[in-house]
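The following note sets out points for a colleague reading this structure.

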Amino acid sequence: MSAAIPVLDMQEFVGGTADQKANFVQRLALACRDVGFFYVKGYSKELDDLSQELDTLGRDFFAHPNGTKNTLNMARSGLHWKGFFELGSELTNNLPDHKEGIYFGEDLPLNHPSVERREAMHGPNQWPEDAAFSEPLRSRFKPAVLRFMQELTQLGQTIMEGVALSLGLPADWFRQHFTKQPFTPFRIFHYPSDGAPRGERWGVGQHTDYGVLTIL
């Protein structure tokens with residue numbers, strides 16, 4: 001097993017020659033089988049720009065006092081499981097993580113069939129609309145998050161096309177049989193540098209993600 005995490009250029013897959021695409025698929029197969037992780041780059045400028053914007057907006061959000069952030073507390077959303085959680089209130093392996101965060105997902109109305117069936121983690125998001133939040137958060141956070149999620153979903157579908165080809169399947173096999181309507185939770189986390197001494201805390205404990213693909 002290689003200790004290095006491969007770097008894959010998405011342009012080789014979505015806009016490259018046949019040889020470049022075949023090389024990409026081969027390297028993706030090796031990354032999935034031998035390493036389990038890989039970096040991707042070069043997918044789209046819009047995704048890069050949105051990532052930078054959400055980094056700025058996320059820092060703005062977490063700089064607000066807990067009293068303001070807790071107006072979006074996850075407890076308010078019930079089974080929808082969307083919103084803010086405080087530092088140390090999320091557990092991994094029964095130990096508190098040294099992080100705070102805000103959860104989003106597909107922004108579904110209350111009359112959507114999945115919400116009416118009370119499916120967990122399906123429902124409307126909570127957005128920073130109160131006057132206590134900064135103007136950039138009130139005006140830009142929602143459209144940036146929703147557009148970023150759309151771009152990430154398409155990136156995920158494209159990566160799964162490469163995975164399908166690496167398994168000798170048609171490129172659209174996963175989209176047709178598994179990811180036609182994907183479940184796409186999205187989280188923004190903040191890992192404070194203060195607190196317990198280094199080595200005595202985990203930003204997030206050791207774990208395995210559910211689902212087929214995680215994009216960080």
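1. Basis of the note. The model under discussion is predicted, and the points below should be read accordingly.

2. Apart from neighbours within four places in sequence, Leu54 is in contact with Phe141, Ala144, Val145, Phe148 and Phe186. Leu54 also belongs to the largest nonpolar core, which has 34 residues. Together with Phe61, Ile102, Phe104, Phe141, Val145 and Phe186, Leu54 touches the most other members of that core. Six elements each supply at least two residues of the core: helices H1 (10–14), H2 (18–35), H3 (45–63) and H6 (135–166), and strands E6 (100–104) and E7 (186–190). The largest share, twelve residues, comes from H6.

3. Thr158 is found in helix H6. With a relative accessible area of 6%, Thr158 falls under the 20% limit and is therefore buried. Leaving aside neighbours within four places in sequence, the contacts of Thr158 are Met10, Phe13, Val14 and Tyr43.

4. Eleven salt bridges are found in a search of the whole structure. One of the pairs is Lys45 with Asp49, where the closest N and O atoms are 2.8 Å apart. Both residues lie in helix H3, four residues apart, which is about one turn of the helix. Lys45 is exposed because its relative accessible area, 61%, is over 50%. Asp49, at 40%, lies between the 20% and 50% limits and so counts as partly exposed.

5. A linked network. Glu46, Arg147 and Glu151 are joined in a network of salt bridges.

6. A nonpolar patch on the surface. Trp173, Phe178, Val212, Leu213 and Ile215 form this patch, and together they have about 430 Å² of accessible area. Leu213 is found in the segment after E7. At a relative accessible area of 30%, Leu213 lies between the 20% and 50% limits and is therefore partly exposed.

Definitions and conventions
Residues numbered from 1 in each chain as written. Predicted model: local features only at pLDDT ≥ 70, side-chain atom pairs only at ≥ 80, totals over all residues. Heavy atoms only, no water. Core = buried A, V, L, I, M, F, W, Y, C linked by side-chain atoms within 4.5 Å. Buried < 20%, exposed > 50% of the residue type's maximum accessible area, 1.4 Å probe, protein only. Contact = heavy atoms within 4.5 Å. Patch = residues over 30% accessible without salt bridge, like charges linked within 9 Å, V, L, I, M, F, W, Y side chains within 5 Å. Areas by Shrake-Rupley, 256 points an atom, 1.4 Å probe, with all protein chains shown as cover. Salt bridge = Lys/Arg side-chain N within 4 Å of Asp/Glu carboxyl O.
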